[in-house]
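User: I would like to go through this structure by question and answer. Please keep to what can be computed from the atoms or read from a record.

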Amino acid sequence: MEIRELEYVIIGVGTAGLGAFSKVRKQTDSVLLIQHGPYGTTCARVGCMPSKMLIAAAELAHNIDHGSFFGIDGQYRVNGPRVFERIKQDRAQTFVGGVLKYVNSIPDKYKVEGKATFVDPQTIEVDGRLRVKAEKIILACGSTPYLSPVFEPLRDELDTSDTIFELEDLPKSLAVVGLGVIALELGQAFHRLGVETTLFGRSGRIGSFTHPMLQQEVMKTLQQELDIIPRGHFTQAKKVADGFELTYRTEQGEEIVRNFERVLVASGRASNLRTMKLENSGLVLDDRGLPRYDPLTMQCGDSKVFIAGDATEDLPLWHEAYLEGRIAADSAISYPQRKEGMRMPGMAIYYTDPQMASVGADFSSLDGEALVVGRARMGSGPRHEIYHDHRGLMQVYVDKASGVLLGAEIFGRGAEHMAQTLVLAIEHGMTVAEILQMPVYHPSLEEVMKAALNNALFQLK
Ligand SMILES: Cc1cc2nc3c(=O)[nH]c(=O)nc-3n(C[C@H](O)[C@H](O)[C@H](O)COP(=O)(O)OP(=O)(O)OC[C@H]3O[C@@H](n4cnc5c(N)ncnc54)[C@H](O)[C@@H]3O)c2cc1C
Ligand SMILES: NC(=O)c1ccc[n+]([C@@H]2O[C@H](COP(=O)([O-])OP(=O)(O)OC[C@H]3O[C@@H](n4cnc5c(N)ncnc54)[C@H](O)[C@@H]3O)[C@@H](O)[C@H]2O)c1
């Protein structure tokens, strides 16, 4: 077996791994990237980019469907093969293409392909043919769709976000397992493209909002458009001639047996570290079986191992993966000196319609007694009226004593842009009164944001 000794090993050539590599490479020649599976990153290949392209097609169809209110009547036919062809073309040329151009520019001596596993705290084995002894290791190996035991035996036949964009045409019917972000974004998109779609939840929760009023608002609004069964569990999944037969027991004990041409399982993701023989790593593991780490340095305990991106299972978002890759690299470079990175306020956006956006602290993490909740209905905004879109609600969470904005949960048209504004305000520790001094254009969707902040200010007085 080949043996190499190096200063740095980076496991995983995704967003986090590439972010780390570009920093480490500036310091040393003694670095190796190990990549298992196709290059191109999860985001560009099977994540952010293809999902948003599918959503863009669905949005177009939906707008035509709802044009008559505005005096626009149109007829159209969804060309399923073309929908997937466009996604694959632009993915290859622009998104994956861009990543591959960068990866190909990295000389071969810095890259090796194969599955990395731990042999001991400083030794990584690649597919049983190479052993790398590294002074410092950066774990940036991402995550994989999680399937519950009832679906696991059919893993190779069911769809996940890893396979759904490879379809050649739209299915006639689709079951979506889960009511999280992938389920809602893709489930709504397939429904709008004419696929008979049913979404199955587990706990009755939908999306990410933590305030009960917003949970209810989302469920009520999305159920007006989508077939959603919120609470229950699957007892059986089997392959039949023309697809799959699923058996689901609702909370009330009713058994639902339905056939679907395809099944998209979107029930969360599991860190790829779980298959890397962590038991040999010497790392201290938490109760999930993943390494304990410091989010300011991404260092695992007091080891020379650093972690970044979806591998942590904590903040599985593109901007966090990139930032964590950079923080992990800085920490590894300055080791044994401690170097803390700057973390951002939390921000997550669901590209559903209406959009859902969370910024700063969740309602559930805040002390209700010390809080003022400013609220506004999306329908109250003049720009929303212009679009004849009255769906949604937003809330801002404000510290009662200081008037500082702590967080916001936004459900409605324009949520992504309001989140971008409010995250800046949170980052700068602004009070509600200070945010309200900023100009807001008229008529803009942001006028609802102003109404929610004014509602909070009124309660603070
Ligand atoms: C459908 C979908 C939509 C998404 N949409 C958004 C969005 O709109 N906005 C957003 O912010 N985020 C989104 N995300 C999340 C975002 O894509 C991820 O947070 C981000 O890509 C994670 O990057 P990473 O570097 O941690 O992992 P990855 O990009 O997955 O890179 C890890 C790499 O390591 C490789 N690897 C795994 N195990 C090993 C091993 N043992 N040895 C060597 N290599 C290994 C993997 O094959 C992979 O190539 C989406 C995700 C999905 C699935
Ligand atoms: N717009 C975005 O930023 C975006 C888009 C897509 C994905 N992502 C990232 O990808 C990650 C994974 O997305 P996800 O949707 O798979 O996870 P998720 O955690 O958002 O949702 C998982 C859902 O599956 C449900 N579930 C779990 N087990 C189930 C079962 N046995 N039966 C029925 N339902 C079950 C959960 O209750 C939950 O509703 C997210 O955490 C997110 O960070 C982000």
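User: Which residues come nearest to ligand 1?

Analyst: This is a predicted model, in which local features need pLDDT of at least 70, side-chain atom pairs count only at pLDDT 80 or more, and totals for chains, interfaces and linings use all residues. Residues are numbered from 1 along each chain as its sequence is written, chains are lettered from A and ligands numbered from 1 in the order in which they are written, and side-chain values use heavy atoms, with hydrogens and water left out. A residue is near a molecule if one of its heavy atoms lies within 4 Å of it. Of the 35 residues around ligand 1, those that come nearest are Gln35, His36, Thr42, Lys52 and Asp310.

User: How do the residues of the shell around ligand 1 divide?

Analyst: Helix H1 (15-27), strand E2 (31-35), helix H2 (42-46), helix H3 (48-65) and helix H7 (318-334) each supply at least two residues of this shell. Ala, Val, Leu, Ile, Met, Phe, Trp, Tyr, Cys and Pro count as nonpolar, Asp, Glu, Lys and Arg as charged, and the others, Gly among them, as polar. On that basis the shell around ligand 1 has 17 nonpolar, 14 polar and four charged residues.

User: Which domain feature does UniProt place at residues 8-325?

Analyst: The span is 30% helix and 25% strand, and its end C-alpha atoms lie 14 Å apart. UniProt annotations may be inferred rather than shown by experiment. The record, an unreviewed entry, names the domain FAD/NAD(P)-binding.

User: How much of the accessible area of ligand 2 does the protein cover?

Analyst: A nitrogen atom of ligand 2 is 2.8 Å from a side-chain N or O atom of Glu185. Polar backbone atoms also take part: that of Pro316 is 2.6 Å from a ligand oxygen, and that of Ile349 is 2.7 Å from a ligand nitrogen. Of the 850 Å² that ligand 2 has on its own, the protein covers 78%.

User: Which helix gives the largest share of the shell around ligand 2?

Analyst: The shell has nine nonpolar, six polar and four charged residues. Its largest share is three residues, and they come from helix H5.

User: Is Thr117 buried or exposed?

Analyst: Thr117 lies in strand E4 (residues 116-120). Its contacts (heavy atoms within 4.5 Å) beyond four places in sequence are Thr123, Ile124, Glu125, Thr275, Met276 and Lys277. Buried means under 20% relative accessible area, exposed over 50%, and partly exposed in between. Because its relative accessible area is 13%, Thr117 is buried.

User: What is the phi of Lys277?

Analyst: Lys277 lies in the loop between strand E15 (269-271) and strand E16 (305-307). Lys277 is partly exposed, at 43% relative accessibility. Although Lys277 is not a glycine, its phi is positive, at about 55 degrees.

User: Which residue does a cis peptide bond join to Pro336?

Analyst: Pro336 is in the loop between H7 and strand E17 (347-350). Omega of the bond is about 10 degrees, and the partner is Tyr335.

How values were computed: Helices (H or I, at least four residues) and strands (E, at least two) are DSSP runs, numbered from the N terminus. Buried means under 20% relative accessible area, exposed over 50%, partly exposed in between (1.4 Å probe, protein chains only). A polar contact is a pair of N or O atoms within 3.5 Å; within protein, one must be able to donate a hydrogen and the other to accept it, and residues adjacent in sequence count only if both atoms are side-chain atoms. Accessible areas come from the Shrake-Rupley method with a 1.4 Å probe; for residues, only the protein chains shown count as cover.
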